[in-house]
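Please open the model in a viewer and keep the sequence panel at hand.

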Amino acid sequence: MVVLMLSLFLAACSGDDSGSDGEDGADSGGDGSDSSAEQEITVSAKSEISSMDPSLITDTVAFQWAGETLEGLYRLDEEGNLSPGIAEDSSVSEDGETWTFNLREDAEWSNGDPVTADDFVYAWQRAVNPDTGSEYGPYFLGGVIENAQAIADGEAELDELGATAVDDHTLEVNLEQPVPYFESMTVFGTFMPLNESFVEEHGDDFGTEAEYTLSNGPFEMTSWDHSEGWTVEKNDTYWDADAVQLDAVNAQIIKEISTGVNLYESGELDQTELNAEFVDEYSTTEDFNVAEKPYLYFFKFNQEANEALANVDARKAISMAIDRQGLVDVILNDGSVPAEGYVPSNFVNMPDSEEDFRDAQGPLVEHNVEQAQEHWNAALEELGTDSVEIELLGDDTGTSSNVLAYYKNQLEENLEGLTINVLEVPFNERVERDQNSEFEIEAATWGPDYVDPNTYLNMYLEGGQNNNMNYVNEEYDALIEQANGEYAQDPDQRFEAFLEAERILLEEDAAVAPMYQDSKAQLFRPSIKGVFTTATGPELEFKWAYVEE
């Protein structure tokens with residue numbers, strides 16, 4: 001997994017080695033701060049934090065800040081490798097089904113309580129408890145940790161979860177079956193520990209205000225203005241506090257790119273995202289940075305919400321009608337690249353190989369207006385109509401608005417008889433509509449939760465929690481189930497199953513339409529060093545950051 005550079009919106013849920021100045025600076029980690037420089041920075045955030053309760057959050061902004069204030073078994077370092085978190089080391093049984101994690105004895109919560117194995121057991125039980133209402137708990141733990149799905153379905157008791165505190169500093173985890181990427185999963189926010197007494201004391205208020213948060217990570221939240229922003233300050237009780245050089249990170253909610261640029265120029269922000277309007281102006285400055293990441297922007301087609309979207313020719317036509325290269329070159333102009341498949345490039349290699357998964361598969365989507373029109377005419381004939389109206393759901397931010405307008409223009413210009421009604425809503429509302437299947441076409445985003453093709457391809461199993469677009473293909477389901485069951489300890493066959501499943505998803509069914517792989521053009525104060533991003537966990541990792549005079 002490669003070091004990534006990116007801007008603050010997640011954005012969860014990421015690409016190749018950049019090694020440039022700005023966000024990453026000349027150094028990454030290590031002690032290099034100048035004691036005379038004020039160790040405080042202010043960055044932009046795309047939206048409000050929905051919650052700081054790791055059992056409930058689903059969006060990338062929340063995961064960013066939960067990831068800075070909480071620490072699980074591991075963190076990812078600047079090379080994308082697992083580095084010690086609360087776990088000092090681990091071992092796995094020969095059959096791959098039992099993991100034992102040895103926890104450090106010097107880890108504390110910010111209220112002085114020790115961090116123990118019971119904190120992990122409680123958090124994971126809470127995540128799959130139906131009463132909690134966690135979306136990601138059953139999604140991540142179900143089918144992975146023993147009895148997690150049964151508990152989520154109300155068919156087993158909480159204490160039957162395959163996570164046991166052998167003693168205060170030994171956590172034993174029993175899996176349903178071998179999971180090759182399990183350690184990588186534990187970096188994700190849903191797997192963070194929770195202090196039971198604190199959570200139960202505050203009940204429904206937990207994670208809703210700064211005073212109702214508790215930290216065991218590098219920083220603790222000290223203020224939170226829901227409409228303006230928030231501040232996290234160095235957590236002096238953190239076991240590795242000596243490595244944390246920033247005294248504070250302030251986040252300011254910035255929805256308009258121009259506002260962010262003005263605040264950066266005035267010195268009120270140290271980082272802000274750019275769009276095409278500003279890239280040419282700043283691309284030659286030392287503050288300019290482009291961060292590639294494996295975040296995919298794509299269309300989700302809700303096959304039950306609109307009759308036309310249940311037609312495979314219509315879906316193929318919509319996918320082929322859009323010029324992705326024009327989109328990234330003209331509208332985005334931020335280093336993003338056209339998507340060629342559902343698993344992004346520079347994300348994961350084939351087993352025992354340096355070959356990228358994307359290169360091994362080859363392109364599965366293309367811009368071809370002539371073929372798009374052939375598919376569209378076939379769809380209209382089957383539907384018995386000469387006109388179709390479809391709603392396109394997307395975010396209401398400046399960059400997203402421009403992209404949505406581009407999609408509308410491309411589709412209506414290239415597919416005769418198609419009318420696209422764009423619906424722009426706040427990010428949190430779009431996520432909620434997505435979860436409730438309240439969309440026809442959604443301009444959606446997905447980032448990896450762990451470093452494995454499964455984090456993308458298991459989304460569309462029948463009945464899956466992220467398959468909220470009513471897609472069903474038994475052959476696809478069987479391949480994903482084989483990859484995670486029969487082939488779990490056979491990497492070559494496992495990846496072959498993933499390759500075939502992706503071909504079915506895109507070439508045969510056009511169930512989704514990948515558009516582009518994200519990069520973010522941004523301004524980042526050159527004096528800030530040691531910030532990097534990883535494929536999972538916080539987008540921007542501030543643990544090792546510092547300000548240089």
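Begin by selecting R104 and W239: R104 lies over the face of W239, 3.4 Å from the ring centre. A charge is said to sit over a ring if NZ of Lys or CZ of Arg is within 6 Å of the ring centre and within 35 degrees of the ring normal. Next, select R525 and Y264, where R525 lies over the face of Y264 at 3.8 Å from the ring centre.

Some conventions are needed before continuing. This is a predicted model, in which local features need pLDDT of at least 70 and side-chain atom pairs count only at pLDDT 80 or more, while totals for chains, interfaces and linings use all residues. Residues are numbered from 1 along each chain as its sequence is written, and side-chain values use heavy atoms, with hydrogens and water left out.

**Aromatic rings**

The structure holds 31 aromatic pairs. Rings of Phe, Tyr and Trp (its six-membered ring) pair if their centres lie within 6.5 Å; planes under 30 degrees apart count as stacked, over 60 as edge-to-face and the rest as tilted. Select F63 and F188, which form a tilted pair with 4.5 Å from centre to centre and 50° between the planes. F63 belongs to helix 1 (residues 60–69) and F188 to the loop between helix 5 (182–185) and helix 6 (196–202), so this pair ties together parts 125 residues apart in sequence. Helices (H or I, at least four residues) and strands (E, at least two) are DSSP runs, numbered from the N terminus. Both F63 and F188 are buried; buried means under 20% relative accessible area, exposed over 50%, and partly exposed in between (1.4 Å probe, protein chains only).

One aromatic cluster is formed by F63, Y74, W99, F101, F120, W124, Y136, Y139, F140, F182, F188 and F191.

Now turn to F298 and Y342. How are their rings arranged? The ring centres are 5.2 Å apart and the planes stand at 85°, so the pair is edge-to-face. F298 is in strand 12 (residues 288–301), while Y342 is in the loop between strand 13 (337–338) and helix 11 (357–361); the pair thus links distant parts of the chain, 44 residues apart. F298 and Y342 are buried.

**Packed helices**

Select helix 16 (residues 474–484) together with helix 17 (residues 491–508): they pack at an angle of about 160°, with their axes 9 Å apart. Axes are lines fitted to C-alpha atoms, for helices over the stretch in contact, and angles run from 0 to 180 degrees between N-to-C directions. Helix 16 is therefore roughly antiparallel to helix 17. Angles under 35 degrees count as roughly parallel, over 145 as roughly antiparallel, 65 to 115 as roughly perpendicular and the rest as oblique. The crossing of helix 16 and helix 17 is left-handed; a crossing is left-handed if the near helix is turned anticlockwise from the far one by less than a right angle, and right-handed if clockwise. Among the residues that meet here are Y476, L479 and I480 in helix 16 and F498, A501 and I504 in helix 17. Contact means heavy atoms within 4.5 Å.

Proceed to helix 10 (residues 324–332) and helix 13 (residues 398–414), whose axes come within 11 Å and cross at roughly 140°. Helix 10 and helix 13 are therefore oblique to each other, and helix 10 passes helix 13 in a right-handed crossing. On helix 10 the contact is made by G326, L327, I331 and L332, and on helix 13 by T399, N402, V403, Y406 and Y407.

Select P54, in the loop between strand 1 (40–45) and helix 1. Is P54 buried or exposed? P54 counts as buried, at 2% relative accessibility. Residues up to four places away in sequence aside, P54 touches L70, G189, T190, M192, L194 and F206. The C-alpha atoms of P54 and S134 are separated by 9.0 Å, although these residues are 80 residues apart along the chain.

N346 is not a glycine, yet has a positive phi of about 55°. N346 lies in the loop between strand 13 and helix 11 and is partly exposed, with a relative accessible area of 29%. A510, also not a glycine, has a positive phi of about 45°. A510 lies in the loop between helix 17 and strand 17 (512–524) and is buried, at a relative accessible area of 4%.
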